[in-house]
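Here is a short briefing on one chain.

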Amino acid sequence: MAGNGVFAEIFDGDGEVYKYYADGEWHKSSSAKSVSIINPTTRKTQYKVQACTQEEVNKVMEAAKVAQKAWARTPLWKRAELLHKAAAILKEHKAPIAECLVKEIAKPAKDAVTEVVRSGDLVSYTAEEGVRILGEGKLLVSDSFPGNERSKYCLSSKIPLGVVLAIPPFNYPVNLAVSKIAPALIAGNALVLKPPTQGAVAALHMVHCFHLAGFPKGLISCVTGKGSEIGDFLTMHPGVNCISFTGGDTGIAISKKAGMIPLQMELGGKDACIVLEDADLDLVAANIVKGGFSYSGQRCTAVKVVLIMDSVADEVVEKVKSKMTKLTVGPPEDDCDITPVVTESSANFIEGLVMDAKEKGATFCQEYRREGNLIWPLLLDHVRPDMRIAWEEPFGPVLPIIRIQSVEEGIHHCNASNFGLQGCVFTRDINKAIMISDAMETGTVQINSAPARGPDHFPFQGLKDSGIGSQGITNSINMMVKVKSTVINLPAPSYTMG
């Protein structure tokens, strides 16, 4: 399982610390220090990873720069072939990687396996899409612009940026890592991965699958360590030509420091669910429970606030409460629906939002219950805009309901948020749905379904503080290349078959 078999070389058995990956090999850091990873369920140290130094980051960047030049000359079909191989290895070894996800981030076992398989599929799809996108260029002629004859031909193609820095979040440390790695590699870039602390060991196992696939030395690196030591050093490193980041407020700080390089950032959301009077209320209830409580609400695209017309609110609340009684609560090994949130500080933050709502008069549809990092699912009714939970992102199994008197009131609350990732609208009237979707200031609006990032080839983007740039396989590939033009100047105008 984890750290054994084909993965034995990534684990330092003597020091019981997982190694970092650089220049095609697994290394122990010269710092002789490690970072502990706490199991959210037991609240005890589960794993340890290397605390890399700034000098080791420098070496990684230099190796990436050299490897990238050779990789850019590698035929496109060969890049795709290696990605397909990595995808197959990843799916073959889904069990030990999923085991890490269960122990590091308390992801339910079945969902952990699904994440790894989905990641393999994403890598393969990216390989195929990349061959199509990057295999085409453009030929422009000059006489389409007024005042010009056809004396210039412009050949336009897509070339790699150089070295891409990928920083995924704890909640999908494998899937959101490969969503950055695969587009970067198929486009001809080198890739440096800085995994989250919680999820780092799963990410190291995933990187080893790329190693086993036979990618060139130095092309892929994975450095672990303390953000205070190598965080800013990585994001401000002159060797980085692009940053793809998924996470929280840290992304705003990164964007201010990164300089003139392309940025792809998804920074969280307060995804609003607007429910109209004519909606299918059983469908609404099912999606509120699924959208609000899957993986204990620790998803950027979780339903974070329900804005529901007052006339149907009582009925929907009762349906949601009924479905919530069927949610299982407990350890991820038992495939429970609600598992411990990732850290004690996260649980404390969620509890702070709950207590604020209690003090200000929210209706508790269930008794608030917490044991360690485990918080039982909680629906808060009659939430008002003066409560923190109305605006702040809990990233936990607590869902507020705000009763509204008009659609305009719901749209106003949605748009008053500093976030704008996703939202959803429930109605049987497609005309109303489209008009509300157009009015909502969010990157994506789901009609009659809870928010979701996938399928992974769909565009995925946020407005306002929810991020910059757009993800999704095609968009990520296009974001990790730049356009190169070669203009042929003819001695005299020339017309095809003229």
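**Fold overview**

Among contacts in the chain between residues at least 6 apart in sequence, 71% link residues at least 24 apart; a contact means heavy atoms within 4.5 Å. The model is predicted: local features need pLDDT of at least 70, side-chain atom pairs count only at pLDDT 80 or more, and totals for chains, interfaces and linings use all residues. Residues are numbered from 1 along each chain as its sequence is written, and side-chain values use heavy atoms, with hydrogens and water left out.

**Size and surface**

- The C-alpha trace spans about 75 × 70 × 40 Å along its principal axes.
- Of the 498 residues, 56% are buried, meaning under 20% relative accessible area, against over 50% for exposed and in between for partly exposed (1.4 Å probe, protein chains only).
- The accessible surface is about 20,400 Å², and carbon and sulfur atoms hold 53% of that surface. Areas come from the Shrake-Rupley method with a 1.4 Å probe; for residues, only the protein chains shown count as cover.

**Charges**

- The chain has 51 positive and 55 negative charges, and their mean positions are 6 Å apart.
- Lys and Arg count as positive, Asp and Glu as negative; His and the chain ends are not counted. Each charge is placed at NZ of Lys, CZ of Arg, CG of Asp or CD of Glu.

**Strands and sheets**

- The chain has 14 helices and 28 strands. These are DSSP runs numbered from the N terminus: helices are H or I with at least four residues, strands E with at least two.
- Two strands pair if DSSP finds at least two bridges between them.
- β14 (residues 272–275) and β15 (residues 305–309) run parallel, joined by four bridges. I274 faces L307 across this pair.
- β7 (residues 138–141) pairs antiparallel with β8 (residues 152–160) over four bridges. Here K138 stands opposite S156.
- β8 also runs antiparallel to β28 (residues 481–489), with nine bridges. I159 is set opposite K482.

**Loop residue T53**

- T53 sits in the loop between β6 (45–50) and α1 (54–72).
- T53 is buried, at 16% relative accessible area.
- Not counting residues up to four places away in sequence, T53 touches S29, S30, S31 and I230.
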